[in-house]
Amino acid sequence: MSATADGLLGTAGFRRVTDWAAPGKARARAAEIIAGQRSGGGEVLRNPHRDQEWAQSVVRAPRLLNAVRDLIGPDVAVENTFGVVKWPGRPFEVPWHQDGINDRLELDPLRSVAAWLALTDADAASGCLHVVPGSHRGGYLPYAVEAVTGAARGRALGVHVTDGAPVEPVPVRAGSGLLMDTRLVHSSPSNLGTGARVGLNIRFVAPGGVRMRDGSDPSLAPISGTGW
């Protein structure tokens, strides 16, 4: 298998990033988010890095940003962020999918990386990420819009995972997370725990890392380097 297929994160296609924030600080951020979403039962925060101080701080967390720079170089921008509050006992299953492709864009897996960050502890009960190690080596897969679920997040794009695929749950404590190849197939189940589970997904890109499929211009927020 070629180095291009292996990508930036090796044969597994993901690695942990530890302590991008102190666990107590991450949980305090989560408590603020939970309080703000509780009255309306909100589950989704779309692109909070554009207008919310907490998210602007998170995407620039030094330990996180250094790990991203080590992978895609000194010039780094945020293409998208997506925050999720999974309330306990409320159905919110995210289907198998890949972060780097949709009807609007395709990310170059050698010039981009996805991050999933835990603001609360994410374990098997509360709906931690499940990944298929090595699935990125198959490239981007055909995807389809899931059936109507009524979920507040809308209808997600999903890919097919064959029976017997080597699924691995990846529990993460608050203040840590995962860096993932943008082709890595992953999902998360509903929260069956006792408290809200809060996570933030980030798509980081280097110059030339975004190919727009719909003819629009990418909306990038540069956070590092001078190549923008």
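Arg203 is located in strand E13, where helices (H or I, at least four residues) and strands (E, at least two) are DSSP runs numbered from the N terminus. The model is a predicted one, in which local features need pLDDT of at least 70 and side-chain atom pairs count only at pLDDT 80 or more, while totals for chains, interfaces and linings use all residues. Residues are numbered from 1 along each chain as its sequence is written, and side-chain values use heavy atoms, with hydrogens and water left out. Arg203 has a relative accessible area of 9% and is therefore buried (buried means under 20% relative accessible area, exposed over 50%, and partly exposed in between, with a 1.4 Å probe and protein chains only). The side chain of Arg203 makes a polar contact of 2.6 Å with that of Glu79. A polar contact is a pair of N or O atoms within 3.5 Å; within protein, one must be able to donate a hydrogen and the other to accept it, and residues adjacent in sequence count only if both atoms are side-chain atoms.

The largest pocket holds about 800 Å³ of space. Arg203 is among the residues closest to the centre of this pocket, together with Phe82, His97, Asp99 and Ala156, out of 28 lining residues. Two or more lining residues come from each of strand E3 (76-86), strand E4 (94-97), strand E12 (186-188) and strand E13 (197-205). By class, the lining comprises 10 nonpolar, 10 polar and eight charged residues; Ala, Val, Leu, Ile, Met, Phe, Trp, Tyr, Cys and Pro count as nonpolar, Asp, Glu, Lys and Arg as charged, and the others, Gly among them, as polar. The search uses a 1 Å grid over the protein atoms alone: a cavity is a set of points where a 1.4 Å probe fits but cannot get out, a pocket is an open set with protein on both sides within 12 Å along at least five of seven lines, and lining residues have an atom within 4 Å of a point. Grid points are joined across faces, edges and corners, and a volume is the space filled by probe spheres set on the points.

Ser188 lies in strand E12. With a relative accessibility of 6%, Ser188 is buried, and its side chain is joined to that of Lys86 by a polar contact of 2.7 Å.

Strand E6 (residues 112-118) is mostly covered, with seven of its seven residues buried. Ser112, Ala114, Trp116 and Ala118 point one way from E6, Val113, Ala115 and Leu117 point the other way, and all are buried. E6 and E13 run antiparallel and are joined by seven bridges, with Trp116 opposite Asn201; two strands pair if DSSP finds at least two bridges between them. E6 is also antiparallel to E11, through four bridges. In this pairing Ala115 stands opposite Leu179 and Leu117 opposite Gly177.

Strand E11 (residues 177-180) is covered on both faces, Gly177 and Leu179 being buried on one side and Leu178 and Met180 on the other. E11 also pairs with strand E1 (residues 14-17), in the antiparallel sense and over four bridges. Arg15 is the residue opposite Leu179 in E11.

In helix H4 (residues 62-72), the buried residues include Leu64, Leu65, Ala67, Val68, Leu71 and Ile72. These lie on the same side of H4 because they cover an arc of only 160° around the axis, the arc being that of the directions from the helix axis to the C-beta atoms. Exposed residues Pro62 and Asp70 are carried on the face of H4 turned away from its buried side. Gly73 follows H4 and has a positive phi, near 100°.

Most residues other than glycine have a negative phi. Asp19, which is not a glycine, has a positive phi of about 55°. Asp19 is placed in the loop between E1 and helix H2 (23-38) and is partly exposed, with a relative accessible area of 31%. Asn47 likewise has a positive phi, near 50°. Asn47 occurs in the loop between strand E2 (44-46) and helix H3 (53-59) and is buried, at a relative accessible area of 13%.

Ala124 is situated in the loop between E6 and strand E7 (129-131). Its relative accessibility of 58% makes Ala124 exposed. Ala124 and Ile33 are separated by 91 residues in sequence and by 22 Å in space, C-alpha to C-alpha.
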